[in-house]
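Good morning, everyone, and thank you for coming.

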Amino acid sequence: MSAGDTHHPEPPSEIEARALALESLLVERGLLTSEAVDEVIRAFEQDIGPMRGARAVARAWVDAAFKQRLLTDAKTAFGEIGITEHQAEELIVVENTPATHNVIVCTLCSCYPWMILGLPPTWYKSAPYRSRVVIEPRSVLLEMGLEVPREVEVRVWDSSAEIRYMVLPRRPAGTDGWSEERLASIVTRDCMVGVAVPVVPAVPVA
Amino acid sequence: MSGVHDMGGTPGHGPVVVEAAEPVYHARWEGRVHGMMRRLLMRRVFNLDQFRRAVELIPPARYLASTYYERWLSALETLVRAPGRSAIPRAEHSADAAFRVGDRVLTRASETVGHTRLPRYARGKRGVIESVHGPYRLPDTNAHLVSIDWEPVYTVAFEARELWGSQAAPRDSVRIDLWQSYLERSRR
Amino acid sequence: MSDPDREVADLDGLPRKNGELVFEAPWQGRAFGMAAVLRNERGLEWDAFRGALIETIAREPDAPYYASWLAALERVLLDRDVLTKQEIDRRQAEYRTMERQGVF
């Protein structure tokens, strides 16, 4: 390989070659198409998990009417962006404002809106979080990296019944003109549980 | 019941530990337990309230020392040994809504022996009805297959200082979703 | 999420981060996707695949998750005479020598 030959690709590893072999043979046998495989990957990387919630947040940030629908009838609003599979429970989205910061817990077990946020993290199900966030939310949030100013009300929602909650975080400054996709990319699961807020990356991703 | 599961506001559990890039299941068997629980639930071998109750029955020391899925496994073992009759019809009742948004309410102060979804930290406390939901089956009777009682569920807002005293930040609040049976009208 | 997707997503041990599936390299996504498509569209019995996955992991517990996944998928396809080991070996060699090239 010459020094100037920057476009010459490396051969695939053993296992990459094995995966390629299987896929190409299965395509030749007519058992699947690469496009079908692409679609599954896309669905699992983008659809299932917190990206569902994040997409709703991004849409609410750019569309005030959608935001109102999200806050008053979350299931219908999620349906509008193509998310129709829900468990039977009610879903309520609660909005962070300059005066209010919301955080979600289930002190009695660990109920969680997993259809729109994916599966819950261990810390959410843990005794320290369940016991402390109702009584000392500000210390818990601070430990997790979020300081809430004294003049802001912290509202803790204890999901003790069949209603599931998700937080609609505030849109951060420095995001003017961003596409919905880009906005959704800064909305993490932790923002929608209420233990973090969306952060604009300091350095643009190349 | 005041099992150790009812842990809102209880001290001594230490800091919240956040695992970086944690897997959903720490071991393969955890996924099997999750799958088993969901399949048995779908086949109505037990209902969700019975399942939660079975988790709550784990002796306190073992409950606290167990991981989340270890508790699920214990609950499944309990339920399989004492098969439920959740498919058998029971007397069914429906309660009309007794409260409206803005009503001041007082939560039940007494302890229950059986399953309940009124957290201990919110017993005998005053709050305000913020919204009305349901009706939903009252877990207190559904977990024990006594009867099916459909009741409204209310989101009740409590001032943090009402729950925790003056140590709490003055502006903060806690909202809890409570079945109608847990509430009575407050005189103040 | 449809029921087949939920069954696939609930599978034990799938590496995740922030609740989302993690593929450390494109071939892992391809391996995952192939199994899911065969299950969804070609009637691959999920229990059979899962059984093969568990056996493969039991034989080599320290192998990376998706290496076991790929091996289990291959096992299931061989057992059903969908493909032969010789043709997979041969095709793999063609990719290794770059006689054949593909894009993930």
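Let me start with confidence: in chain C, helix α1 (residues 3-9) of chain C has the lowest, with a mean of 55, while helix α5 (residues 85-96) of chain C has the highest, at 95. That value is pLDDT, the predictor's confidence in each residue, on a scale from 0 to 100. Helices (H or I, at least four residues) and strands (E, at least two) are DSSP runs numbered from the N terminus. Across chain C the mean pLDDT is 81, and 80% of its residues reach 70 or more. Where pLDDT is low, the predicted coordinates should not be read in detail.

This is a predicted model, in which local features need pLDDT of at least 70 and side-chain atom pairs count only at pLDDT 80 or more, whereas totals for chains, interfaces and linings use all residues. Residues are numbered from 1 along each chain as its sequence is written, and chains are lettered from A and ligands numbered from 1 in the order in which they are written. The model scores ipTM 0.84 and pTM 0.66.

Now to helix α3 (residues 46-59) of chain C. In α3(C), the buried residues are C:Phe49, C:Arg50, C:Ala52, C:Leu53, C:Thr56 and C:Ile57. They lie on the same side of α3(C), because they cover an arc of only 160 degrees around the axis, the arc being that of the directions from the helix axis to the C-beta atoms. Buried means that 20 or more other C-beta atoms lie within 10 Å of the residue's own, exposed that 12 or fewer do, and partly exposed in between, with C-beta atoms placed from the backbone. On the other side of α3(C), C:Asp47, C:Ala58 and C:Arg59 are exposed.

In chain B, consider B:Ile58, which lies in the loop between α2 (48-56) and α3 (60-65) of chain B. Is B:Ile58 buried or exposed? B:Ile58 is buried, with 20 other C-beta atoms within 10 Å. The C-alpha atoms of B:Ile58 and B:His5 are separated by 9.0 Å, although these residues are 53 residues apart along the chain.

Finally, chains A and B: four bridges join β3(A) to strand β5 (residues 173-179) of chain B, and the two run parallel; strands pair if DSSP finds at least two bridges between them. Opposite A:Asp158 stands B:Ile176 in β5(B).
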